[in-house]
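Biologist: Please show me the model, and then we can go through some questions about it.

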Number of protein chains: 2
Amino acid sequence: MIIEEFVEKSIGEWRSMRSGHSLAFRQFEEVLSNIVIQEVETDNQLLLELYSAKHLRLEGLSPVKPFYMKWEAESDWNDDDRSENLSGSCIIIPYPVNLESGLLLRSVGYAETEQALSTYSFLDDGTFILKTIYNQSIAEERIWFISENIRCRSSVLRTSEGSGVLQTSFASELRIPKKYNDQK
Amino acid sequence: MIIEEFVEKSIGEWRSMRSGHSLAFRQFEEVLSNIVIQEVETDNQLLLELYSAKHLRLEGLSPVKPFYMKWEAESDWNDDDRSENLSGSCIIIPYPVNLESGLLLRSVGYAETEQALSTYSFLDDGTFILKTIYNQSIAEERIWFISENIRCRSSVLRTSEGSGVLQTSFASELRIPKKYNDQK
């Protein structure tokens, strides 16, 4: 699998069921949401800003297939203070290093200027692995397609200082048929 | 990763948080359970019966590191008629074909005589992939360690006749420290 192919397969509108597991407290969280993934126009303002940002590690790498992602929760059954994170959008630019791995530069929303730089790689069955180091934590995400129209996404959130695992999560994502969209 | 190593890492007592996603109905299921995985004594009666069972596909293959698995639900928040499946035990015998793949023969409980034969393989990061064909469905499971004492387990249940996906699930499993067990 190469990143272009993976992005291509992900383009579309998805209905997501997501379960979060807080390991220390043995608490479940359940979220239904809609996710839209689409290609970005080359003259998109945020894309141009991201391109012009200086990232030492990106020098010498060429961007491919930037995309836009938007997510919006339909419901949060355990309504709490994290609900502000349940909708948002970002632009993501892949920078392949080779066929199986590379870097991902991500804008965090139109409002914030905070960016995130992740590393990605593919396992031999095409599973996509994403690692992102934040200030307080390290996130590891894996995404794999179980059919053309269903993808699974798991994540692990670790403390940045040790190997402590804070939370895991799992999402089942079903593509919303295009026909359905066209009829709306 | 080889199967012996994977079984060795799995030996122990685990506390599991499991989320099930019924895709057609967008329903969540949550189960807390305890899982015990231990080596089997070589004179175990069920093990000897399993060894003597005739399986055409197993001829020429040698068993390694058979183990016993027992699971018991602490609670099922969506109490329904599936609750009888929430506790049980089995013996599992791996039959490696090569370093990365092989077959798994599994007894289904001490009471039933029904057995299941699965194929397994490892991805290049050590993720364990298990496929089992039942009468009505096909199950695909993947298990990966995110630390020495935490493993993740996802499953996909498909209809046997087509590519329809019935259910997905995800479990986060924490090893219960031995010290804690010894003090009990």
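**Rings and copies**

Modeller: At 8% relative accessibility, Phe122(B) falls in the buried class, which is set at under 20% relative accessible area, with exposed over 50% and partly exposed in between (1.4 Å probe, protein chains only). This is a predicted model, where local features need pLDDT of at least 70, side-chain atom pairs count only at pLDDT 80 or more, and totals for chains, interfaces and linings use all residues. Residues are numbered from 1 along each chain as its sequence is written, chains are lettered from A and ligands numbered from 1 in the order in which they are written, and side-chain values use heavy atoms, leaving out hydrogens and water.

Biologist: Which class of pair do the rings of Phe122(B) and Phe128(B) form?

Modeller: Rings of Phe, Tyr and Trp (its six-membered ring) pair if their centres lie within 6.5 Å; planes under 30 degrees apart count as stacked, over 60 as edge-to-face and the rest as tilted. Here the centres are 5.3 Å apart and the planes at 55°, so the pair of Phe122(B) and Phe128(B) is tilted.

Biologist: Is Phe128(B) buried or exposed?

Modeller: The relative accessible area of Phe128(B) is 4%. Phe128(B) is therefore buried.

Biologist: Over the ring of which residue does the charged end of Arg151(A) sit?

Modeller: A charge sits over a ring if NZ of Lys or CZ of Arg is within 6 Å of the ring centre and within 35 degrees of the ring normal. For Arg151(A) the distance from the ring centre is 5.5 Å, and the ring is that of Trp14(A).

Biologist: How many aromatic pairs does the structure hold over all chains?

Modeller: One of them joins Trp144(A) and Trp144(B), with centres 6.0 Å apart and planes at 85°, so that pair is edge-to-face. Over all chains, the number of aromatic pairs is 18.
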